[in-house]
Amino acid sequence: MWTLRFGTFLSLLVLPVIALAGIPHTFIQSYDGPSTCLSCHNESSPSPVTIDELVNSIHYQMRSENPNVGIPGAGSHGMLDRACGLRGTNALINYHTSSCGKCHIGKDLPFPDPMTGQPYQAQLDGIDCLICHAEEYDMNNDGIRSSTEVASERVRVGDPDFGEIWHQDRSLEAARTVGGKIKAEQCLRCHEHGLNSCSFKRGAPFTPERDVHAAAGMDCIDCHTVQDHKFARGSRVTDMHGWELPEVEVACANCHGATPHAISVLNDHFEIMMCETCHIPHAAGVERQVWAPTFGITEGPEANVPIYNEETGRYEPYINIQEDEFTPPSYKWFNGQVSFLAEPLADAFAFTNEPPTRDTPGAKIQPFRNLVNGMIMDKNGIAMFGPEMPNPNYDPKWTYLAFVQSASAFMIQAGFMRPEGLRPEEEAFLGAFPNLLTFDQEKYFATGDIEAAINLGLGRFGAYGQGMNPFTMTEEQLMGIGSQMWSGEYVGLDLPDNPLDPAYIPDMDPRTNVGSFITISHAVTKDGALKCADCHRSGGRLNFAQLGYDQEKSEELTTLLGDLSAFEGDLDGSGDVGPEDLLILQKYWMQSQKKMMEELQRQ
């Protein structure tokens, strides 16, 4: 109900149909966290909110179930426990000590009271409503609020309940900027930068300069619709597990319909490719990142990881970033099914590593950004270093299977695995995979001591399994636990392109291998979209042979437009539409539309 702190707005009680979310909150006289919000946004409010909505959201839980991602044991996953390739670790291990907690809306990890299965009251009181809802927010605790500060600036501060937390802006000034529609800037505090530069992860920024929707003034929630604090994500994503509204699709056709083009043959392309294939022609970002020396590299900086950076004053992995934001992406068939290594698969839970093809139901051509990551693995969980190169120190107890089996009780209790445990095909898959050594990122950056970072990181996981809170334990205690959880020898293993991958090529330079594929869905352009001649020509964007077309059909698709040397119109990439373009379309599309689509769709 309304209280005296909202005195000047008591008259709003006679207008129960007004949604409080649309009212400027300048009337607030004090702010005490979620309790202030819930005093109005209660069940009798026109815009009711329950604390359960927030607690059960991905923004609090940092995970969800996802039937499209093939993780052995299934369960609920996300940034909480999945080792992010770009960060090298996860929030379970690094929530308080590194950057993994900077974007979380809670003060602590989201594990409930084991006796009741419900969150502690301090956890509920620690939910940060303002990091999303306040138009102006102070990330770095300098007393200055703005709409442009980002999560990478967040700092650690003392807290009476949790000892130390990532700073939350609970100022009255920030609370009074609540009330309007959630703008893109509020979402991009966390979602744009990947805690690094804009081009670090996806290289497809949602800015007016790069994205036609941003230029039109659209906000994230215009496409990523919200229901009870749950957000629609879309079904065709390779590198994110969280998916809390699978029944709500995020698709271009939601607004543009199934036939947005005036020329019907262009609309027909949607049968075999996603809109992004033409309308996101460029991306950038990390192409290769290595956290420990990898196979086949004996010289240069990659062989001497971690590398001390005098500018930042810390030890860092080897990183190769494509800074050019106008780099063409890769193109693959994709049906939404993906491995836990971000590999598009025909069937994520078959564990056969078979990629989708043009014959895979639901598969369409889609653009991706490449990433090869040298994650830190247990060297002695690898049976073979290559053809006829057995590992003399191999021991199956250092495989991923052995690790998961030893932690299964905790994983089932925590919801990271289905109650019945692993299936036979999952056990076979994990048995051929070395254990991933989740490390403490702060120790890695500060000292460059990979062994110590591994011991500390694994020690935290081991403490969870023993029912202890690792963030209340000493470093010596944790390292003692962690040192017993691996063989003591590590290696940087390219994921997913590694000796255990069926597609592994031993003699290929690992710097050039293509590994994971990161989804790109922003930086959408209309005027800069690909033209027919960008693909249907020799050396064009699409390699039809690699996409599964035989030699005859590949040649036909490559020469579909005939000799374009005489034309200088829009199909040739000039940006202008002239008579020549219409002649090309008339001659090669309109007169032979049925034949051409048979070639494209293999009907």
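**A walk through the fold**

The accessible surface of this protein comes to about 27,700 Å², and 53% of that belongs to carbon and sulfur atoms; the areas come from the Shrake-Rupley method with a 1.4 Å probe, and for residues only the protein chains shown count as cover. Keep in mind that this is a predicted model: local features need pLDDT of at least 70, side-chain atom pairs count only at pLDDT 80 or more, and totals for chains, interfaces and linings use all residues. Residues are numbered from 1 along each chain as its sequence is written, and side-chain values use heavy atoms, with hydrogens and water left out.

Now for the overall picture. The protein has 23 helices and 16 strands, taken as DSSP runs (H or I of at least four residues for helices, E of at least two for strands) and numbered from the N terminus. Of its 603 residues, 51% are buried, meaning under 20% relative accessible area with a 1.4 Å probe, protein chains only. Take the contacts (heavy atoms within 4.5 Å) between residues at least 6 apart in sequence: 68% of them join residues at least 24 apart.

Next, the inside. A nonpolar core here is a set of buried Ala, Val, Leu, Ile, Met, Phe, Trp, Tyr and Cys residues joined through side-chain atoms within 4.5 Å. The largest one has 57 residues, and Phe111, Ile376, Val404, Tyr444 and Ile454 touch the most other members. Elements that each supply at least two residues to this core include β12 (364-378), α14 (400-406), α18 (450-465) and β15 (490-495). The top contributor is α18, with six residues. Leaving aside residues up to four places away in sequence, Phe111 touches Leu80, Leu92, Tyr120, Gln123, Ala414, Phe416 and Tyr464. Apart from this core lies another, of 21 residues, with Ile23, Leu54, Leu130 and Ala134 among them.

β12 deserves a stop of its own. Of its 15 residues, 14 are buried. Strands count as paired if DSSP finds at least two bridges between them, and β12 has several such links. With β6 (residues 283-290) it runs parallel, over three bridges, and Arg288 has Val372 in β12 as its bridge partner. β10 (residues 330-334) pairs with β12 in the antiparallel sense over five bridges, one of which puts Ser330 with Phe368. β16 (residues 516-519) is also antiparallel to β12, with four bridges; there, Asn370 partners Phe517. Finally, six bridges join β12 to β15, again antiparallel, and Met377 stands opposite Val491 in β15.

Key:
Buried means under 20% relative accessible area, exposed over 50%, partly exposed in between (1.4 Å probe, protein chains only).
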